[in-house]
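Subject: Structure for your study

Dear colleague,

Please find the structure below, together with its sequence.

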Amino acid sequence: MSDKLLNTNQIMRQVSYALALGVGAQVYFFGLSVLIQIVLACITGLIVEAIFLRLRGSEIKPAIIDGSVVLTAILLAISIPSIAPWWIIVLGVSFAVVFGKQIFGGLGNNPFNPAMLGYAFLLISYPVQMTQWPADYLSMDRAADVIFGLSNLDGLTGATTLDHVKTQLTMSLSIQELEFNSISQLWINIGFLIGGIYLLLRRIIFWQIPVLLLLGIVVMSTVLFLVDSDQFASPLFHVVNGATMLAAFFIATDPVSASTTPLGRIIYGFLIGVLIVIIRVFGGYPDAVAFAVLLLNITVPLIDFYTQPKVFGR
Amino acid sequence: MLKSKYNGGLRLENPYPVTEIDLIRIPLPDKVVLPMQQRIGNQAIPIVSVGERVLTGQIIATIDDQRCAPVHASISGTVVAIDEHVYAHKSRLKGLCVTIESDGKDEWVDTSIGCTERYETCTANTIYNKIRVSGIVGMGGAGFPTHTKVRLAEGCHTLIVNATECEPGITCDAALMEAYPTKVIRGIEVLLHICKAERAIIAIEDDKQDAIAALKKFCNNEKITIEVMPTKYTSGAEKLLLKYLLGIEVPTGKYASDVGVLCQNVGTIVAMFDAVVENRPLISRAVTVAGSAVKESKNLQVRLGASYDYLLSFVDIKEGSHRISMNGLMMGIELDGTNYSVSKNTNCVFVDQLEESKPTKECIRCGLCNTVCPVDLLPQQLYWYSKSKNTEKAVEYNLLDCIECNCCTYVCPSQIPLVDYYQYTKALYKQQVKEKKQTEIARERFEFRELRLERNKRERAEMMEAKKIALKEKMAKDKAKKAAIESALERVDSAKSVQGPLDVG
């Protein structure tokens, strides 16, 4: 009939393609190590998914080719530091697939965002490896050496901007005294923003979650900024740093674990945004996306229940 | 006029575009098979027997049920069989049919009964009766008897004529309006005469420009307005149409007649005109024959009971495997072949090229379905609860309000046959309610039995008690009597002993 509608597999593929610009920016700033992580993640994801489908007695092929496990793997691979050792991503993806997805019955049945569950698991278990980002662009073979443990990268790593700010602030420096170079963060966020707009235009995601998530970040950070601009970073800082755009367009919008009612999506997105700022500012970890998303995932049944639309004639 | 859009719905293009919408009268079929079971209500009882000669327009079956209409012979000829056939219904159930073999003469019975002069001079009751004996039912697909529906809406303020054509691909109403615009207008006047509504609105979608032009040309009654509305699927659903045209939202469980509106399909209007003004009972209808396997879609005016095979012999059908369906792609049903016959509510027969069925995937809760649901349900939640057979929860999420329009199924990226799940769950719920009622009755009976047994026991105990007391009293009395007797005897004895010596002496 009229316009061609996408099927589930195509949706998964389109989301993966939409990540390309942001990933490209990561590659530009950190080197091809990002791609090594993605390849490792995808291979691990497919193998683990296949094993678990086999154990559960389900058909393997249709689940493998639906693209959902690849998407989860990519999201996790681009969330972790590009120079993390190989076993980090292997462990993380395995955890995400098994405990984030398969244990609940596979695609469509998981209450949590699998990639974020994997990320939270890694961050809690291996905080050191999970916070060491390359300070500079790394060549392919150098990166491979580091990832596979053939050499170490002393002196070449640094913290992310968010992490840096947090550490410095605790040393009672004011925001204005800090110097940070967040040009890479800015461009990566712009990359994901463009990809996200593409998804919106293709009607693959709805506007409510990304827009309200960003609004939540802006509102919360503005409130804090107005309270004390020496202590708290500006709203702009929060929007262009960390995984903000990735979270807004690619992570919080995971339909399976997100709220599905129109009003519910608004509440869900806004609260994630608010939580991201709160956890970033007051929490113990550098970035807050994973925890904010997981916390809101838990509340989805509640939100959905109380935000049912008025049915025609009732 | 107050207009209020309803949410959801789909803008669908006609999948089988037609260049010229003509209503083609096709020759008489050799044989017709007329089903006795109608959409709802009891099965009509044949009043003819095998071997009997019948005339066109003669009533061959009736039933005293307000939900049914009588059945007429659609051709003249001989009744050759009264037996069971599989109905064109999802259930594939068999039902009684009367088969008539044509004599080719199309000889009519005298149908000039009741209101024979100008309808304006007839009472509403006479016209109701005329509509009833002419076998008029909703031609849009619902098949509900028109006389009952009109009677229910007595005292309504607005008459809505549904000319929206319920589904993409069906053009029979458009063809009918183009062919008989005057019948449509005059038919509306007849209905206005009996239902006393102040105004009539013809609701027609903007993709039917020729029909709109034809109607406008002949509409000279200031009570009748033609409302051109955007082409959107599910606009034809009665309650949604009401919301769009009048801004009235009919509450759940109520009907259009409850808010003072009578809604009639345009095909029904024409059939009613034929019945009331021209004394022609319902013996034929317009059917769209289309499909991806049909070279050129056609609208055929065909006698009721003609077989699909006969119908399809008037179009060119491409080679290959086909999927046969009736009453539309969205809400219609798929049939296992062409061995069926046209009934009063058959608005289309589609023959499509068989496509490979797409595999169903898991629901990813994308929520596309709730954006297209015209009644604002959450189809993904209903699916979740239907899949787990949690009928209670599904009903809590208003499953029973689903109009089964299949918009959600159409957009589902995982190709889940959502409405099939809902239909199943609805049936399951009905059964559970019935079972619950039965358990309730059984429980009540059990409790009453217990009560009765208890009462019997108590009564018996009381009776025993009473008897015991009576016995005791009796025994006490007896004892007293005995004592009296004994004392009397003693006295006698003592007297004897006093006298004794005298005797001895």
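In chain A of this predicted model, residues 24 or more positions apart account for 76% of the contacts that have a separation of 6 or more. The secondary structure of chain A consists of 15 helices and two strands. Of the 314 residues in chain A, 52% are buried.

The axes of helix H7 (residues 114-125) of chain A and helix H15 (residues 289-306) of chain A come within 9 Å and cross at roughly 125°. The crossing in which H7(A) passes H15(A) is left-handed. On the side of H7(A), the contact is made by Met116(A), Leu117(A), Tyr119(A), Ala120(A) and Leu123(A). H15(A) contributes Ala290(A), Phe291(A), Val293(A) and Leu294(A). By class, the residues of this contact divide into nine nonpolar, no polar and no charged.

I turn next to the meeting of the two chains. Contacts link 31 residues of chain B with 24 residues of chain A. The side of chain B that touches chain A is made up of 15 nonpolar, seven polar and nine charged residues.

Chain B also holds an open sheet. Four of its strands form this sheet in the order S2-S8-S7-S4, with antiparallel pairing. Which strands stand at the edges? They are strand S2 (31-35) and strand S4 (53-54) of chain B. Each has a single partner strand, so one side of each is left without a neighbour in the sheet. For S4(B), two bridges make the join to strand S7 (residues 77-86) of chain B, and these strands run antiparallel. Within S7(B), Gly77(B) is the residue that stands opposite Val54(B). As background for looking at any such sheet, the side chains in a regular strand alternate between the two faces of the sheet.

Further strand pairs in chain B involve strand S5. Strand S3 (residues 45-46) of chain B is joined by two bridges to strand S5 (residues 59-62) of chain B, and the two run antiparallel. Here Ile45(B) has Thr62(B) in S5(B) as its bridge partner. S5(B) is also joined by two bridges to strand S6 (residues 71-72) of chain B, again running antiparallel. In that pair, the bridge partner of Ile59(B) is His72(B) in S6(B).

Glu165(B) has a positive phi of about 60°, although it is not a glycine. Glu165(B) is placed in the loop between strand S9 (158-163) and helix H3 (172-179) of chain B. Is Glu165(B) buried or exposed? A residue counts as buried if 20 or more other C-beta atoms lie within 10 Å of its own; Glu165(B) has 31 C-beta neighbours inside 10 Å and therefore counts as buried.

The other residue is Glu404(B), whose phi is also positive, near 55°, in a residue other than glycine. Its place is in the loop between helix H11 (391-396) and helix H12 (407-411) of chain B. Because Glu404(B) has 15 C-beta neighbours inside 10 Å, it counts as partly exposed.

Yours sincerely

Methods
Residues are numbered from 1 along each chain as its sequence is written. Chains are lettered from A and ligands numbered from 1 in the order in which they are written. This is a predicted model: local features need pLDDT of at least 70, side-chain atom pairs count only at pLDDT 80 or more; totals for chains, interfaces and linings use all residues. Two residues are in contact if their C-beta atoms, placed from the backbone, lie within 7 Å. Ala, Val, Leu, Ile, Met, Phe, Trp, Tyr, Cys and Pro count as nonpolar, Asp, Glu, Lys and Arg as charged, and the others, Gly among them, as polar. Two strands pair if DSSP finds at least two bridges between them. Axes are lines fitted to C-alpha atoms, for helices over the stretch in contact, and angles run from 0 to 180 degrees between N-to-C directions. A crossing is left-handed if the near helix is turned anticlockwise from the far one by less than a right angle, and right-handed if clockwise. A residue is buried if 20 or more other C-beta atoms lie within 10 Å of its own, exposed if 12 or fewer, and partly exposed in between; C-beta atoms are placed from the backbone.
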